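Here's a quick briefing on one model, grouped by topic. Have a look at the structure first, then read on.

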Amino acid sequence: MSGNSRVIFSFYKEVNDDSVTSYKKEQLKLYKDKLIKRQHLYAESCNADYFVYENSNLLLNEYDSIQFRKIEKLEELANEYDEVLYLDLDIIPFDFKNFFKEHDLSKICCHEIDGKEWGIDRYKTNVTKMNNAKIIKVMKMNDAEINSLREKESRYLYEEIDSMNMWLKASSKNAMLLLENHTSYNHNIINTGVIGGNKDSIKQLKFTENLQYMIDLIDKAKYDNIYSKKVQELIKPNNEVFFSYLIEKNNIPITNINKNWNFIVDDYKSGLTNVWKEISFLHVINKDFEHYNRRYNLF
């Protein structure tokens, strides 16, 4: 370790299986060096060391193995540094405010979101707009035909949910907690694209220590829960599910960082109109890096 008491780190591994889409693989590979340079510059502005780790033990598929490893590394670095910040490689520092000075690191700093809002409600809104557009085009439809169309689109919504859906992740977390008689139910899920804390707060998590237990527990919870068969089939080990599970089970205090410190842009929220001046970290889940580079000259 250097003389710095702070470190920022990320992970990169070229994924060779089908756990990530071809487009996202290609975009990350194409922009890897530029993303690393941007994060490195940000680390320097925070007087922090910076590392990108490229190795990962294959525990499950390649994507999930990387996601587990980043939390393990967070805990390892907390043994070496006073303050630690993890950034997914698709996190682009936007305004270079100092994360370490802006947040209470005595609690684990993370972005907790409403899984129902992110996983279902936004999609329903999109479906409603699609329905309305169709209805305008087919004005000769009677009420019964219109209602039938709406029901069809609603069923389509649930058919489109996959294991990465935020509502599904929240449901998976709840299934684990319910199996251990924790009856508090919510749709909250932590996005682990940005995770920070000091050495004491991070050590409360004990993610590595409990990883195999959580993998075994979610396997049991998969079919012993209140959810439908369709949902049960999609439940699987996931770092955000496990992270959220540990936080809730053990009542670990968190600093819920403002959404602008993990401003997620995906296929449903891609525009930054009227908000870009407030953004600190841009989380480009859709991997359309060039779109934002053209607008804001990021690289």
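By class, the second largest pocket is lined by three nonpolar, two polar and six charged residues (Ala, Val, Leu, Ile, Met, Phe, Trp, Tyr, Cys and Pro count as nonpolar, Asp, Glu, Lys and Arg as charged, the others, Gly among them, as polar). Keep in mind that this is a predicted model: local features need pLDDT of at least 70 and side-chain atom pairs pLDDT 80 or more, while totals for chains, interfaces and linings use all residues. Numbering runs from 1 along each chain as its sequence is written, and side-chain values use heavy atoms, with hydrogens and water left out.

**The pocket**
- Its lining consists of H111, E112, I113, D114, E117, W118, R122, K259, N262, F263 and K269.
- Strand 5 (108-114) and helix 4 (115-137) are the elements that each give two or more residues to that lining, and strand 5 has the largest share, with four. Helices (H or I, at least four residues) and strands (E, at least two) are DSSP runs, numbered from the N terminus.
- The volume comes to about 180 Å³, taken as the space filled by probe spheres set on the grid points, which are joined across faces, edges and corners.
- A pocket here is an open set of points on a 1 Å grid over the protein atoms alone, where a 1.4 Å probe fits, with protein on both sides within 12 Å along at least five of seven lines; lining residues have an atom within 4 Å of a point.

**Helix 6**
- Helix 6 covers residues 166-179 and spans 20 Å between its first and last C-alpha, close to the expected 20 Å (1.5 Å times one less than the number of residues).
- Because 12 of its 14 residues are buried, helix 6 is largely enclosed by the rest of the structure. Buried means under 20% relative accessible area, exposed over 50%, and partly exposed in between (1.4 Å probe, protein chains only).
- Among the buried ones are W167, K169 and K173.
- After the helix comes N181, with a positive phi near 65°.

**Salt bridges**
- There are 13 salt bridges, each a side-chain nitrogen of Lys or Arg within 4 Å of a carboxyl oxygen of Asp or Glu.
- E54 pairs with K32, with the closest N and O atoms 3.1 Å apart. This pair links distant parts of the chain, 22 residues apart. E54 is partly exposed at 43%, whereas K32 is buried at 16%.
- K249 pairs with E180 at 3.6 Å, joining helix 10 (residues 239-249) to the loop between helix 6 and strand 6 (188-198).
- R69, E72, K73 and E76 form one network through shared partners.
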